[in-house]
Amino acid sequence: MGSSPIVTGSAGGLCGMTLRCWCWRRWRLYDHCVLTSAFAFFFLSVLVLGSVAALYASLMITSNVPTTLSALGCEPDNEGSWSIGVFYGDSPFSLRPVEDINVWKDKSGAWPVANPVLTCASASDAGFPSNFVADPFLYAQGDILYLFFETKNSITMQGDIGVARSNDKGASWQQLGIALDEDWHLSYPYVFDYNGDIFMMPESSAKGELRLYRALQFPLQWTLEKVIMKKPLVDSVIIAHDRKYWLFGSDHSGIGTKKNGQLGIWYSNSPFGPWKPHKRNPIYNTDKSMGARNGGRPFTYNGNIYRTGQDCGETYGRRIRIFRIEILTHNEFKEVEVPSDLGVSKKGRNAWNGERYHHLDVQQLSSGGWIGVLDGDRVPSGDAARRFILGCASVVMVGVLVLLAGMLLGAVKCIIPLSWCARSMGKRSDALLAWEKSNYLSSKLRRFCSRLNKMCSFLHGRVKPTTCSGRLVLTLLIVTALALMCIGVKYIYGGSGAREPYLLNGHYSQFTLVAMTYDARLWNLKMYVKHYSRCSSVREIVVVWNKGIPPESSDFDSAVPVRIRVEEKNSLNNRFKKDSLIRTRAVLELDDDIMMTCDDIERGFRVWREHPDRIVGFYPRFISGSPLEYRGEKHARNHKGYNMILTGAAFIDSRVAFERYWSEDAKVGREVVDKYFNCEDVLLNYLYANASTSKAVEYVKPAWAIDTSKFSGVAISRNTQAHYRVRSNCLLKFSKMYGSLTNRKSEFNVRKDGWDV
C-alpha cells in the first residue's frame with residue numbers, strides 16, 4: 001500500500017528498448033549533422049579549388065597543337081612524339097641541320113625550312129593517321145630520295161612502314177602511303193639493294209621472325225621473299241664485308257639477356273642465309289647505355305665501317321653513339337667509339353629532338369656531299385604515363401590537405417561514417433552481429449575506423465584555428481593545396497610542357513629575335529635572353545646596343561647564338577636598321593622588358609607566315625579622333641577594332657620593313673623619331689599602310705604578358721600621359737606625310753582559330 005510499483009520482466013525490457021531506440025535516433029541525427037557539415041565543407045572546397053584550377057588552366061595551359069591536324073593522329077602516346085629531321089655536311093661527321101643550309105620555300109612560308117621535316121602531322125594530314133614517325137632509312141634513286149620509316153597507326157596502335165619522296169634533296173617530302181602493313185608491329189625498315197632487286201628487312205620481333213621482303217613495284221608494293229631467321233631480333237642490319245654478309249641484331253628473348261644491352265652477329269654468303277652465329281655471340285650483353293642496340297644503318301667512310309648504337313641509359317633512345325669497326329671476322333670483333341656532333345639543340349623539350357634521338361641513317365649523295373636523317377623526340381619514354389600518375393597523386397594530396405583543413409576548422413568531425421565504427425549503435429540483424437563477432441577482419445576494421453575518427457578531435461584540440469600558430473598551419477595547408485591543385489591540372493591536362501612550333505603547309509621555319517637596349521637594362525636582358533632563346537623557332541638573338549659598355553655574348557645563358565650589335569648613335573631608328581647578317585626573312589622586334597610565353601611567340605610567328613606582308617603583333621591600337629589622339633588598347637577594344645600594331649612586340653619582314661624604313665621617303669619621319677626619341681613603331685605602321693591598299697596589320701592575343709621594367713625601375717616611358725602626348729604629335733605629323741590610318745580599321749575575332757579575340 002502506498003509503495004511505488006516495481007518494474008518487472010516485460011515492463012523493464014520495454015523501457016530498455018525505448019532508451020536504446022532514443023539513443024539510436026540521437027546517434028543517427030548526430031551522424032547526419034556531421035555528414036551534412038562535412039559535405040558542405042567539401043562542396044565549398046571543391047568549388048574554390050575547381051575555380052582556381054580553371055583560372056590557372058585558362059592562363060597557363062594552351063592548346064599548342066598544329067592547326068592543320070586531321071581529326072585522327074598525333075594523339076598523346078606513351079612511346080613518345082618522335083619526328084624526323086634532315087642534316088647535311090661534307091662528311092658523316094660534319095652534319096648540320098637543314099635550317100643551317102638556308103633553304104627557302106615560298107609556298108609554305110618557310111624562310112628558311114627548319115627541322116623536323118617529317119612529323120605525325122605530315123602523315124596524318126596526308127590521310128595516314130599517325131601518333132609518331134621514327135626509324136628513318138633513306139633510299140636514293142638518282143636525285144630522288146625515298147624515306148622509309150615507322151609510323152604508329154593512331155587507330156590500330158601498331159607500327160606500320162610508311163614511305164615519303166623528296167625531289168629537293170630532303171628539304172620537303174611528299175607522303176606516298178603505307179609501304180608495308182602486317183598483323184603485327186613493324187619498325188626499323190632497313191632497305192638495301194642486292195643482285196638488282198630492292199629488299200626491305202623490317203623489325204618483326206612481335207612475330208618472332210626476321211623477314212626479308214622484295215619490292216614488286218617500288219616503293220609501295222612488297223612481297224615476302226624469305227624468313228631468314230626464326231629469332232625475334234630487333235633493329236637488325238646487314239652489311240657486306242670481306243666477301244661475306246654480316247647480320248647485326250639484338251635478341252632480347254634469352255634468359256639473362258639485358259634489354260637494350262645485347263648485340264649478336266651472324267654471317268653468311270648471301271642475305272638469304274643460312275646464317276651462322278659469330279663465335280663470340282653475344283658480342284655484348286652489357287649495360288643499356290653502352291650502345292649495343294643498333295641505331296641506324298652502318299656506313300663506310302674513308303675505308304672504315306662505322307656502326308651506330310643506341311644509348312638507352314637515362315631513357316629509351318636517349319642518344320646515338322658511333323663506333324668504328326676495327327676487326328670483323330668469324331672469330332673476332334672489335335669496335336671503338338668515335339666522337340660525333342649532330343648539333344643537337346639546347347632548348348630541351350621545346351626542341352624537336354631536345355630529349356632524345358636514337359636513329360641515324362647517313363648516305364653520300366651523287367653530288368659528293370652527305371645527307372643524314374635523324375629521328376628525335378621532345379619527351380622521354382613513358383612521359384605520358386608519368387605525368388598522369390603525378391597529376392593524380394597531386395590531386396589525392398589535395399584531398400588529404402582539404403581533409404586536414406576541415407578537421408582543424410571543425411567542419412569535419414569524423415573521417416569515416418560513424419555507422420562503420422565499433423561504437424556505432426546502428427541496428428543490425430542478429431545474424432549480422434553474430435557474423436561480425438566471428439569475423440576477425442570486420443572487428444579490426446571497425447576498431448581502425450574508430451581510431452581514425454579520434455584523430456579529428458585530437459587535431460582540433462591540439463591546433464586551434466583561432467591562435468596565430470593555428471592560422472599559420474591553416475594558411476600553409478590552403479596554399480599547399482592550391483599549389484598542388486595547379487600542379488595536378490598541369491600534369492594531367494597541360495601536355496608534355498613543350499612549347500611546339502606550328503606547322504604551315506608541311507614546313508616549320510625560324511626567325512631572328514631583335515631587342516634594342518642599353519647598359520641600365522642588362523638585368524632585364526639576361527632574363528629575356530635565357531627565356532626566349534628556348535623558344536622553338538628562335539634562330540638567333542640580335543641585341544641592338546644603343547648606349548654604354550656592351551656585354552659579351554658569353555655573358556648570356558642562351559640556347560641560340562647571341563650577337564651584340566653596337567650602335568654609334570643612341571637612336572630608336574636603330575631598331576629597324578638594315579642588317580645583312582640576319583639570315584631569316586622573319587624578324588621579331590621585341591622590347592627587352594616584355595615577357596610572354598613561347599607558345600604566344602610561336603602563334604604570332606605562324607600568323608606572320610600566313611601574312612608576311614603585314615605587321616603581326618600583340619599590342620593593338622586604334623588611331624582616331626579629330627585631332628588624332630594616341631590611346632591605349634582599351635580604346636581599341638571599345639571601338640571593336642584596330643589600325644596599328646606596336647612594333648615593340650611584332651613580327652615583320654626584315655628585308656621589306658628595313659628597306660621601307662630607311663628609304664628616302666621615310667627620311668623626314670626618321671628625323672621626327674630622333675627629335676622626340678619616340679614613335680619609331682608609329683612611323684613603320686604608316687609606311688606599311690602607305691605601301692598597301694589591303695590590310696597592313698594583324699593582331700594576335702597573348703595569353704599573358706609582363707612588363708619586367710616595372711620591377712627593375714628602368715622603364716623608358718614612366719609618364720604615360722606625357723608619352724601619349726608625344727605620340728599624338730607624331731600622329732599629326734605622320735598623317736600629313738603619309739596619309740591617314742583612320743580608314744584602315746581591322747576587327748577583332750575574325751580568325752577561325754580564335755587567336756585574335
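Modeller: A charge sits over a ring if NZ of Lys or CZ of Arg is within 6 Å of the ring centre and within 35 degrees of the ring normal. Here Arg660 lies over the face of Tyr688, 4.7 Å from the ring centre, and the charged end of Lys745 is placed over the ring of Phe622, at 5.5 Å from its centre. This is a predicted model, in which local features need pLDDT of at least 70 and side-chain atom pairs count only at pLDDT 80 or more, whereas totals for chains, interfaces and linings use all residues. Residues are numbered from 1 along each chain as its sequence is written, and side-chain values use heavy atoms, with hydrogens and water left out.

Colleague: How many aromatic pairs are there, and why is the pair Phe605 and Trp608 given its class?

Modeller: A pair of aromatic rings is described by the distance of the centres and the angle of the planes. Rings of Phe, Tyr and Trp (its six-membered ring) pair if their centres lie within 6.5 Å, and planes under 30 degrees apart count as stacked, over 60 as edge-to-face and the rest as tilted. The count comes to 37 aromatic pairs. Phe605 and Trp608 have ring centres 6.4 Å apart and planes at 10°, so the pair is stacked.

Colleague: Are Phe605 and Trp608 buried or exposed?

Modeller: Buried means under 20% relative accessible area, exposed over 50%, and partly exposed in between (1.4 Å probe, protein chains only). Phe605 is buried at 4%, and Trp608 is buried at 0%.
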